[in-house]
Amino acid sequence: MMWTDQGRGAEKRSRRVLVAMATAAALGVSTLLAAQPAAAAEDPWVAEIDNAVPDVYRFTVPNAAVQPATGITGSVVAVEGNFAPGKTWTTLNMGSGGGNWTTTLGPLEPGLYYYQYSARPAWNQDAIPFRNPASPQEVTSKPTWNTLFVDGPGAEWLADAEGGGILETLTYDSSVTGTARSALVWTPPGYDENRAEPYPVLYLLQDEGQSYREWAELGRLQQILDNLTLDGNAEPMVVVMGDGAVDDIRGEVVKNLLPAAEDAFNVSSDSEDRAVAGIGRGAEQALSLLVDATKEFSNVGSFSGDLEGDLGNGSGKISKGKAKQINDATDLIRLYVGNVTDPSYNSTVNLADKLTAAGVEFQSDGADPDTGGTWDTWQKSLHDFVQRVFQASGETGPSEGHLPLEPHSLPAAGTTPTPWIDENGVVTFETGTEFANANNVTVWGNFGPAGSWPRTPMTKQDDGRWRLTMPVEAGSYYYKFVVEGVDRKDQTNPTTVLSEPNWSTFQVPGDETLRGEYTTPVAPEARGDVEVMDYTSSATGNPTRSAYVWTPPDYDPDRAEAYPVFYLQHGGGQTWTDWIEVGFAAQILDNHYARGNIVPMVVVMANGNGVNFPDEITQRITVTAEAQYNVSSEGEDRALAGLSMGSGHTLSTLWAHPGEFAYIGAMSAFGSVPANADVAAINDGTKLLRVYSGDVQDFTYGATLSLISSMTNRGVEHEFAPIIPGPHSWDVWQKALIDLLPRLFQG
């Protein structure tokens, strides 16, 4: 029988449906076509907060839902997801109140997040994961996971596109397994099953432990391909996501999947129109097809992969003859991998060396510095790869910003202070062996979005130590270990925090973030001096207290003109050391001064605990500072600022002593203008009154808004700085200090 193009298309469509119908009947499956994965979470327990800062989300789990979902009454309920730096999996414990467990997180950078809830009866017992039973089951291989897509700049290529392609399920008989098997197939926008020229086809293979459906569920393949194809940045192609969970991948793909796809869809059978790629095990399978079925595919991609075992010649190496065959038959071989946290990082380095030694022509995308062995990395890999297959690409080198593939190793366990920080900002925490019998150990630090505090799980090593490696953006950090719910100090980190004995600190250098730019140490010769000033307090018994004092690097105690002086106060539960030990105020001052952003000044950080602060600052702290340092006693040359409790101290001093401090800064502030305040004197004696706040995650946010309202209503002249994203945290207060300093003593 002779077929026209229309008849051939009808036959392909008929066979695809008939095969699916036969398999559905045999397996009791009622749905033939794959449902499009949800573009964003449909979890009623998640809601974006109406907030001055967008993309902040609140997770709310009804207490009554925990026991039915887990079988236990959880005393520790959390949300877990890829919320930590580098999209590392982390945990945010939820607080209980009003019949619900809640936590707030954000702002989340645009992109795809995947998460689950968990409950544990006690800290030393395993957590039991669950999801909202009213939400769709989105991730085939992870039945407790939900996804949340945050739209916005930088994630346009991951967003839904109008007029995109279609996802379908292809079912076929496998001679390898002796069963019916399925693949997920994406056809491009405007797919024409009667087109005279068959479509090129990309075959994708998943990693071990994944479902082939994850390419769409977590990889957002449909959105990536839709956007690239509609924008003309990828050749219209068909993509077949096969199930690589077999031992004989050559038999499964070449003998079963390829013929089934070519029979059901209008795709080419020419090797020059075929590509294959995979993740992890799937990458190894794609590379093995490159070697063992050299003429079947002209484009090959390896995502976090390697090439192991017999390479066709029994030697474990690619022979020169085989390398020539590969080079003659292949248009593109491209290697992808995440940063050094990707478990396949060194394997990919070895793979590149192996291919180079054999003379195989390939391209390397380098190492993605931002993310490791996660779908966040593989989304980007897929996005790059599909723009290169079946069309000439002028650029053959790594993507912009990617790092060269070089071997990576960590110091021997227990040999150096921790954390270890490499030149690319990858941080490794390690415990000793004292927690070898613990059930769970986490690092609790300000690593979450906008300085929030997730608890990131550590992994137990063979020697009983626990370790965590993750990329962290430039800035300063504070953390502690939590061992089965008990806070523990990192004993190999020499830093200390007087007010929080279990905390340790570290700094990741770099100028790509504001906090990184201003907390990275300047050259030693450009640093100011930090000294301890003792003074007699007005507290009961008149005890001797201490303050840190920063002086600029060219400070002259005999200068004719006294220096302006800035008195900077800590918050509740803190003390005089915190601005130096946790806030990195000295580094912030050094950087501002080195850039010429601030006038020469002296900064005094004293103890504000347990005293009548207006009396303490005016009668004890300033008096001692003026006696020991060359600083002015004039109000116009004095500044006073503080965070949280320190902001209350600052404002109470302003209300009681207008004109004594001409520059006022209040961070995470509260209170109101007293009824007896002399507003005219306050306005006359104050050159700057600037208020700062975190967003709704800052528990003083509402109080700050009330303070602003009070000052506005009473006519107190002030500035309300733009809201700083984040909670009641040092990340917020550091940014406030960075903003405030150049505004002081400017006339």
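This is a predicted model: local features need pLDDT of at least 70, side-chain atom pairs count only at pLDDT 80 or more; totals for chains, interfaces and linings use all residues.

**Stop 1**

Select β1, β2, β6 and β5. They form an open sheet of 4 strands, in the order β1-β2-β6-β5, and the pairing is antiparallel. Which strands stand at the edges? They are β1 (46-48) and β5 (95-97). Each has a single partner strand, so one side of each has no neighbour in the sheet. Look along the sheet next: on average, neighbouring strands are turned by 30° against each other, direction ignored.

**Stop 2: aromatic rings**

Colour Phe, Tyr and Trp. How many aromatic pairs does a search of the whole structure find? The search finds 34. Zoom to Y114 and W145. Their ring centres are 5.1 Å apart and their planes are at 15°, so this pair is stacked. Y114 belongs to strand β7 (residues 111-120), while W145 sits in the loop between β8 (128-130) and β9 (146-150). The pair therefore ties together parts that are 31 residues apart in sequence.

Are these two residues buried or exposed? Y114 has 6% relative accessibility and counts as buried. W145, at 11%, also counts as buried. Show K142 as well: it lies over the face of W145, 5.3 Å from the ring centre.

Next, select W45, F59, F83, Y113, Y115, Y117 and F130. Ring pairs link these residues into a cluster. For another charge over a ring, go to R195, which lies over the face of Y199 at 3.7 Å from the ring centre.

**Stop 3**

Select β10 (166-173) and β11 (180-187). In β10, 6 of the 8 residues are buried, so the strand is largely enclosed by the rest of the structure. β10 and β11 run antiparallel, with 8 bridges between them. Click D173: it stands opposite A180 in β11. The hairpin has 6 residues between the strands, and G178 in this hairpin takes a positive phi near 75°.

**Stop 4: helix α4**

Select residues 221-230, helix α4. Here 9 of the 10 residues are buried, so the helix is largely enclosed by the rest of the structure. The buried ones include L221, I224, D226 and L228. What do the buried residues pack against? Their partners are β10, β11, β12 (201-205), α3 (214-217), β13 (238-242) and α9. Step on to G232, which follows α4 and has a positive phi near 75°.

Helix α9 covers residues 375-386 and holds D384. At 10% relative accessibility, D384 counts as buried. Leaving aside its neighbours within four places in sequence, D384 is in contact with R334, Y336, D365 and S399.

**Stop 5: helix α12**

Jump to residues 585-594, helix α12. Of its 10 residues, 8 are buried, so α12 is largely enclosed by the rest of the structure. Among the buried residues are I588, L589, D590 and H592. They pack against elements including β27 (529-536), β28 (544-551) and α17 (730-740). Just after α12, G596 takes a positive phi of about 75°.

**Stop 6: the nonpolar cores**

Finish inside. In soluble globular proteins, nonpolar side chains tend to be buried together. The largest nonpolar core has 42 residues. Which of them touch the most other members? Select Y203, V238, V240, V276, I318 and V360. Helix α5 (residues 249-264) gives the largest share of this core, 8 residues.

Centre the view on V276. Not counting residues up to four places away in sequence, V276 touches L202, Y203, L205, A286, L289, F297, N299, V300, G301 and F385. Another core lies apart from the largest one and has 41 residues. Select W550, W579, M605 and A736 to find some of its members.

Terms used
Residues are numbered from 1 along each chain as its sequence is written. Side-chain values use heavy atoms; hydrogens and water are left out. A nonpolar core is a set of buried Ala, Val, Leu, Ile, Met, Phe, Trp, Tyr and Cys residues joined through side-chain atoms within 4.5 Å. Buried means under 20% relative accessible area, exposed over 50%, partly exposed in between (1.4 Å probe, protein chains only). Helices (H or I, at least four residues) and strands (E, at least two) are DSSP runs, numbered from the N terminus. Contact means heavy atoms within 4.5 Å. Two strands pair if DSSP finds at least two bridges between them. Axes are lines fitted to C-alpha atoms, for helices over the stretch in contact, and angles run from 0 to 180 degrees between N-to-C directions. Rings of Phe, Tyr and Trp (its six-membered ring) pair if their centres lie within 6.5 Å; planes under 30 degrees apart count as stacked, over 60 as edge-to-face and the rest as tilted. A charge sits over a ring if NZ of Lys or CZ of Arg is within 6 Å of the ring centre and within 35 degrees of the ring normal.
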